[in-house]
Amino acid sequence: LLDPQIHLVNLTGSAGSGKTILALAAAIEQTVATKLYRRIIVTRSTQGLDEDIGFLPGTEEEKMEPWLGAITDNLEALHLEDLNCKGSVEYVMDKVPLMFKSLNYIRGRSFQSSLIIIDESQNLTPHQIKTIVTRAGNGSKVVCLGNLAQIDTPYLTPISSGLTYLTERLKGFRHGGNVRLQGVPRSILAAFAEEHL
């Protein structure tokens, strides 16, 4: 995640294995501390787990907020001990150059010097994965987070998922890497549920 020679990372693991928090910690280190990248761009599938909640008012970023709760939850977790922060995600958002982007509006864009995090990438089709990865401009890095056991898109399977497609196509790309996290440090309950439910 911190290697500037690696331009695309697939970060996989069980629910609660730490994919999101590790990706965010690495992204913050490389944008705020070392300034290797100018900004963090986060996107994900807006496929819901249950029924659609209907029209959401607001800007693109405001519409994406409900889908990116995992990102803001992890930002809070990363900064719970900060003296000035007191766990406030608003404080963190003021300090971190983070942008939420919808897949619906990403076509045609070119993100330069950006660290792009694709959350829940197991729910994307190969076409959607290609659309996002080809947005990476000069000096950018893409990190795909996913777990094939958590596919929510009805027409996708572990074989047809964009995450599987990308993993297979990434083989042999010397500027890419795959990281598989083991264990479930989220909590004892999450570890039990991952294994037994």
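The model is predicted: local features need pLDDT of at least 70, side-chain atom pairs count only at pLDDT 80 or more, and totals for chains, interfaces and linings use all residues. Residues are numbered from 1 along each chain as its sequence is written, and side-chain values use heavy atoms, with hydrogens and water left out.

## Overall fold

The protein chain contains seven helices and six strands. Helices (H or I, at least four residues) and strands (E, at least two) are DSSP runs, numbered from the N terminus. Read from the N terminus, the order of elements is β-α-β-α-α-α-β-β-α-β-α-β-α.

The protein chain has 197 residues, of which 42% count as buried. Buried means under 20% relative accessible area, exposed over 50%, and partly exposed in between (1.4 Å probe, protein chains only).

Contact means heavy atoms within 4.5 Å. Of the contacts in the protein chain between residues at least 6 apart in sequence, 77% join residues at least 24 apart.

The six strands form an open sheet with parallel pairing, in the order 3-2-4-5-1-6. Strand 3 (98-100) and strand 6 (176-180) are the edge strands, each pairing on one side only. From one strand to the next, the twist averages 20 degrees. Two strands pair if DSSP finds at least two bridges between them.

| Strand pair | Bridges | Direction | Example of facing residues |
|---|---|---|---|
| Strand 2 and strand 3 | Three | Parallel | Ile40 and Leu98 |
| Strand 1 and strand 5 | Five | Parallel | Leu8 and Val142 |
| Strand 4 and strand 5 | Four | Parallel | Ile116 and Val142 |

Strand 5 is mostly covered, with six of its six residues buried. In a regular strand the side chains alternate between the two faces of the sheet. Here both faces of strand 5 are covered: Lys141, Val143 and Leu145 are buried on one side, and Val142, Cys144 and Gly146 on the other.

## Helices

Helix 5 (residues 126-133) lies across strand 1 (8-12), strand 2, strand 4 (114-119) and strand 5 (141-146), and runs at about 165 degrees to strand 4. Helix 6 (residues 162-170) lies across strand 1, strand 5 and strand 6, at about 130 degrees to strand 1. For these angles, axes are lines fitted to C-alpha atoms, for helices over the stretch in contact, and angles run from 0 to 180 degrees between N-to-C directions.

Helix 1 (residues 19-33) has 15 residues, which at 1.5 Å a residue should span 21 Å; its end C-alpha atoms are 21 Å apart, which agrees. The expected span of a helix is 1.5 Å times one less than its number of residues. The buried residues of helix 1 include Lys19, Ala23, Ala27 and Gln30. Just after helix 1, Lys35 takes a positive phi of about 55 degrees.

## Loop residues

Leu156 is in the loop between strand 5 and helix 6, and is buried at a relative accessible area of 9%. Not counting residues up to four places away in sequence, Leu156 touches Gln122, Asn123, Leu124, Thr125, Ile151 and Ser161. The C-alpha atoms of Leu156 and Leu124 are separated by 8.1 Å, with the two residues 32 residues apart along the chain.

Arg135 is in the loop between helix 5 and strand 5. Arg135 counts as buried because its relative accessibility is 15%. Its contacts, not counting residues up to four places away in sequence, are Ile106, Arg107, Gly108, Arg109, Ser110 and Phe111.

## Salt bridge

Side chains of opposite charge can pair when their charged atoms come close. A salt bridge is a side-chain nitrogen of Lys or Arg within 4 Å of a carboxyl oxygen of Asp or Glu. A search of the whole structure finds one. Glu168 forms this salt bridge with Lys171, the closest N and O atoms being 3.1 Å apart. Glu168 counts as partly exposed, at 43% relative accessibility, and Lys171 as exposed, at 55%.
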